[in-house]
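Reader: I'm new to this one. Could you take me through a single part, slowly, and tell me what sits around it?

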Amino acid sequence: MAIMITDECINCGACEPECPNTAIYEGGVEWTWGGGTELTDVDFGDGTVVSGKAPQSPVSNEFYYIVADKCTECVGFHEEPQCAAVCPVDCCVPDPEREEDEETLLSKKAWLHAEA
């Protein structure tokens, strides 16, 4: 399951530097696939290929947000999601819309970081 940031976020920014995948961004800030990963291009399998450096639209304009496709819940890096561990208002919570098992999260980590 990916982690999400609720609208109770106080925009303190404590979570952002803790993410090993650079999946957390300040509200209104564009993100990239390549930021914090080894991705140079992303092939979506439908003929769409996006440069890892291409700016993507913010997920939220108001609060810090997590790009779910880059979130691995820190599996393979830490025992628990670091964003949740440092959040002073407990607004980094599991996203019920994005349930993923450990094997899926480890595969995503390997893909993001070009691990063989």
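Predicted model: local features only at pLDDT ≥ 70, side-chain atom pairs only at ≥ 80, totals over all residues.

Author: Happy to. Residues are numbered from 1 along each chain as its sequence is written, and side-chain values use heavy atoms, with hydrogens and water left out.

Back to Thr-72: its relative accessible area is 0%, so it is buried (under 20% relative accessible area; over 50% is exposed, in between is partly exposed; 1.4 Å probe, protein chains only). Not counting residues up to four places away in sequence, Thr-72 touches Asn-21, Phe-77, Leu-105, Lys-108, Lys-109 and Leu-112 (contact means heavy atoms within 4.5 Å).

Now for Ile-66. Leaving aside neighbours within four places in sequence, Ile-66 is in contact with Ile-3, Met-4, Ile-5, Ala-23, Ile-24, Cys-71 and Cys-83. Apart from Ile-66 and the largest nonpolar core, which has 16 residues, lies another core, of nine residues, and one of them is Leu-112, which Thr-72 touches. A nonpolar core here is a set of buried Ala, Val, Leu, Ile, Met, Phe, Trp, Tyr and Cys residues joined through side-chain atoms within 4.5 Å. Ile-66 and Cys-83 are among the residues with the most contacts inside the 16-residue core.
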